Amino acid sequence: MLHLRWTDVDLEGRQITIHGSASFIDGKHVEGTTKSGRKRVVSLDARTVQVFRAQRSQQAADKLQLGPEWRGVGDYVFTTGWGEPVHPDTLSSLFPILIKRYNQTNTGTPLPHARLHDLRHIHATILLLAGVPVHVVAARLGHADPSITLRVYAHAIRAAEASAADVFAEAIGEG
C-alpha cells in the first residue's frame, strides 16, 4: 500500500491497481515490483472508498496548509503530514499502539495483539470462511497460483468443509 499512487486508485470503479512495493534500504526510499512481478486489480467496498476519499481530502488540506513546505513527490496515497512517503516501520510500530488505544476505549470488545501483516491473513481467512472461491482470494492476495492460497489457508478451508454437509442438507430441504 505504501507504493500506491492516486493514479492507481479508481474510486468510481471501486478498485485499486497494485503495481509494486516500497521499502527503505539504508535510509533511502526504494521501490520494486510485487513479489510475483505482476500487477493486480483489487476491488474495494463502499466503506473503503469513503476512507480513500477522506485520505485524499486530508492530504489536500495538508498540502494547502504547508504550501511551499510540502515535500510530496510521486502522488503517493499514503504520506506523512508533510508529503513524504511513509516508512514501513512507522506503520508496523503504530499498529500495536492503535490496538491498545482501541482496547482502552472499547473495553467490552478488546482486539487481540496482532501485527500489521496479520490483517492480510485475517482478510483472506474471513473471505474463505464466507465462501469466496479460492481463486478469487488468491487473486486479491496476489498469489500466482490458488494452490499457494490453499496451502497457506488450509485451516480456513477445513473449517469451511466442516459446514459443507450442513449447507448441502439445508439446500435440499433436509436441514
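Which helix supplies the largest share of the nonpolar patch? The tour reaches that patch at its last stop.

The model is predicted, so local features need pLDDT of at least 70 and side-chain atom pairs count only at pLDDT 80 or more, while totals for chains, interfaces and linings use all residues. Residues are numbered from 1 along each chain as its sequence is written, and side-chain values use heavy atoms, with hydrogens and water left out.

Stop 1: Select β1 (9-10), β5 (40-43) and β2 (residues 15-18). Helices (H or I, at least four residues) and strands (E, at least two) are DSSP runs, numbered from the N terminus. The 3 strands make an open sheet in the order β1-β2-β5, with antiparallel pairing; pairing requires at least two DSSP bridges between two strands. β1 and β5 are the edge strands, each pairing on one side only. Between β2 and β5 there are 4 bridges, and R40 in β5 is the bridge partner of I18.

Buried means under 20% relative accessible area, exposed over 50%, and partly exposed in between (1.4 Å probe, protein chains only).

**Stop 2: the hairpin.** Select β3 (residues 20-25) and β4 (residues 28-33), an antiparallel pair joined by 6 bridges. S23 has V30 in β4 as its bridge partner. The hairpin has 2 residues between its strands, and D26 in the turn has a positive phi of about 50°.

**Stop 3: the cores.** Select L4, W6, V9, L11, I16, I18, V42, L44, V49, F52 and V77, which make up the largest nonpolar core. Such a core is a set of buried Ala, Val, Leu, Ile, Met, Phe, Trp, Tyr and Cys residues joined through side-chain atoms within 4.5 Å. At least two of this core's residues come from each of β2 and α1 (46-66). A second, separate core has 9 residues, including L128, Y153, A156 and I157.

Return to V9. Leaving aside neighbours within four places in sequence, V9 is in contact (heavy atoms within 4.5 Å) with L4, Q15, I16, F52 and V77.

**Stop 4: the nonpolar patch.** Select L91, L116, L119, I122 and I126, which form a surface patch of about 400 Å². Patch residues have over 30% relative accessible area and no salt bridge, and nonpolar side chains (Val, Leu, Ile, Met, Phe, Trp, Tyr) are joined within 5 Å. A salt bridge is a side-chain nitrogen of Lys or Arg within 4 Å of a carboxyl oxygen of Asp or Glu. Helix α3 (residues 118-129) gives the largest share, 3 residues. I122 is found in this helix and is partly exposed, at 41% relative accessible area.

Technical notes:
Patch = residues over 30% accessible without salt bridge, like charges linked within 9 Å, V, L, I, M, F, W, Y side chains within 5 Å. Areas by Shrake-Rupley, 256 points an atom, 1.4 Å probe, with all protein chains shown as cover.
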